[in-house]
Amino acid sequence: MTSMPPRSPLDPAALTLAPKVLLHDHLDGGLRPSTVLELARETGYDELPAETADDLAVWFRDAADSGSLERYLETFAHTVGVMQTVGALERVAAECVEDLAADGVVYAEVRYAPEQHLERGLELDEVVEAVLRGFAQGERTAAGSGRPIAVRCLVTAMRHAARSREIAELAVRYRDRGVVGFDIAGAEAGHPPSRHLDAFEYMRANCAPFTIHAGEAFGLPSIHEAIGFCGTDRLGHGVRVIDDITLPPGARPDDDSFPGAELGLIANIVRDKRIPLELCPSSNVQTGAVASLAQHPFNVLARLRFRVTVNTDNRLMSDTTMSKEFAKLSDQFGYGWTDFERFTVNAMKSAFIHFDERLAFIDDVIKPGYAVLLQG
Ligand SMILES: O=c1[nH]cnc2c1ncn2[C@@H]1O[C@H](CO)[C@@H](O)[C@H]1O
Ligand SMILES: [Zn+2]
């Protein structure tokens, strides 16, 4: 029997086959353009900036490509705008699961801010229940088409608002029904995580996990607060941890190793405590968190053995999928399947589900999946 040459991670079909784990994906950042249009028509939302699905896709990508997190976030007015009814929320959630499954994602934690979906009279609990029903429906459809996936939910509080404690309570209330954690998001500068300390204290008191968007548009002080004051379990982005690392003279971001790199207090604590970094390469370039993919600290952090994970953030705004993020990283930094297996195992280890469940994914799905790809 002759063995086939191993398939390259730059082969799109192989990338789709690779089992992937996604920890950082916004429900309201991942709608299909056609669904945005249809829901706008159905719900009477008349502020869309384009009239066809193709034009809308281009509009979201270009408008989000601003180099500023604040302007990037303005685009969400149109997705949140059409997600104000039970039917819309169920549909968007179900399609999200189907799209992730079709891309070979086997486990995902998808987040959104329930407080942004109350404009037409829904209560917080109704919003959460509609999304959970949509996820369950999507899981059934995906399993039926031979693409099993498990999707759990994180509820997000908006950092400029004042409802974080209430949203943390919501997370704990639904902890046994599919909500596995809590998050804060939104404009970072001027809204430090410590403003939401009571929400994080509530989560800790209830032994419930959370992540914090930190170190994206603002630097080390934000990461310091997220870890030192708030006690976060993971960092949403966290890319600016690179500001606390001094590389040897002449080092380039795509080097293989960084002997002599010096880590400061914050970088050391992130690495020592194995705090997962939910890195989102395309999004980080669009919001200006990094200047270009070539300049992205992903590779430096990976080679220095931080717990790096690959994420999409907002598939609509970044016109991306997990497979596309893998392809871009492979192209830029030369990663192969063993690298992607490591990043995927990193993500699974960092998921907010029980240890035995994480282990089952690693042993029964991830390792066998990459073994097939490595053998060709
Ligand atoms: O990368 C990000 N940084 C900060 N906030 C974000 C990012 N992506 C999305 N959101 C914000 O999170 C809300 C709930 O999903 C979105 O409506 C958006 O305002
Ligand atoms: Zn995000």
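Me: Which residues do ring pairs link into a cluster?
Reply: This is a predicted model. The structure holds 14 aromatic pairs. Ring pairs join one cluster made of Phe298, Phe326, Phe333, Tyr335, Trp337, Phe340, Phe343 and Tyr370.

Me: Are the planes of phenylalanine 298 and tyrosine 335 stacked, edge-to-face or tilted?
Reply: The ring centres of phenylalanine 298 and tyrosine 335 are 6.0 Å apart, and the planes stand at 55°. Planes under 30 degrees apart count as stacked and those over 60 as edge-to-face. The angle of 55° therefore makes the pair of phenylalanine 298 and tyrosine 335 tilted.

Me: How many residues apart in sequence are the parts that phenylalanine 298 and tyrosine 335 tie together?
Reply: Both phenylalanine 298 and tyrosine 335 are buried. Phenylalanine 298 belongs to helix 13 (residues 298-303), whereas tyrosine 335 sits in the loop between helix 14 (322-333) and helix 15. The pair therefore ties together parts whose separation in sequence is 37 residues.

Me: Which residues form the salt-bridge network that includes glutamate 42 and arginine 91?
Reply: The structure holds 23 salt bridges, one of them between glutamate 42 and arginine 91, with the closest N and O atoms 4.0 Å apart. That pair links helix 2 (residues 33-43), which holds glutamate 42, to helix 6 (residues 86-102), which holds arginine 91, 49 residues apart. Glutamate 42 is exposed at a relative accessible area of 59%, while arginine 91 is partly exposed at 23%. Salt bridges with shared partners join one network of Arg32, Glu38, Glu42, Arg91, Glu95, Glu98 and Asp99.

Me: Are arginine 111 and aspartate 183 buried or exposed?
Reply: The side chains of arginine 111 and aspartate 183 form a salt bridge of 3.2 Å, N to O. Arginine 111 is in strand 2 (residues 105-112) and aspartate 183 in strand 4, so the bridge ties together parts 72 residues apart in sequence. As for cover, arginine 111 and aspartate 183 are both buried.

Me: What is the N to O distance in the salt bridge of glutamate 278 and arginine 234?
Reply: Glutamate 278 lies in strand 9 (residues 277-279) and arginine 234 in strand 6, 44 residues apart. Glutamate 278 counts as buried because its relative accessibility is 0%, and arginine 234 also has 0%. The N to O distance between their side chains is 2.7 Å.

Me: How far apart are the C-alpha atoms of glycine 181 and aspartate 233?
Reply: Glycine 181 has its place in strand 4 (residues 179-185) and is buried, with a relative accessible area of 3%. Glycine 181 and aspartate 233 are 52 residues apart along the chain. The separation of their C-alpha atoms is 10.0 Å.

Me: Which residues form the positive surface patch?
Reply: Arginine 305, in the loop between helix 13 and strand 10 (308-310), is exposed with a relative accessible area of 56%. Its phi is positive, about 70°. Lysine 349, in helix 15 (residues 337-349), is partly exposed at 42%. The positive patch consists of Arg274, Arg305, Lys349 and Lys367.

Notes: Residues numbered from 1 in each chain as written. Chains lettered and ligands numbered in written order. Predicted model: local features only at pLDDT ≥ 70, side-chain atom pairs only at ≥ 80, totals over all residues. Heavy atoms only, no water. Patch = residues over 30% accessible without salt bridge, like charges linked within 9 Å, V, L, I, M, F, W, Y side chains within 5 Å. Areas by Shrake-Rupley, 256 points an atom, 1.4 Å probe, with all protein chains shown as cover. Lys, Arg positive; Asp, Glu negative; His and termini not counted. Charge placed at Lys NZ, Arg CZ, Asp CG, Glu CD. Helix = DSSP H or I, 4+ residues; strand = E, 2+ residues; numbered from the N terminus. Buried < 20%, exposed > 50% of the residue type's maximum accessible area, 1.4 Å probe, protein only. Phe/Tyr/Trp six-rings, centres within 6.5 Å; stacked < 30°, edge-to-face > 60°.
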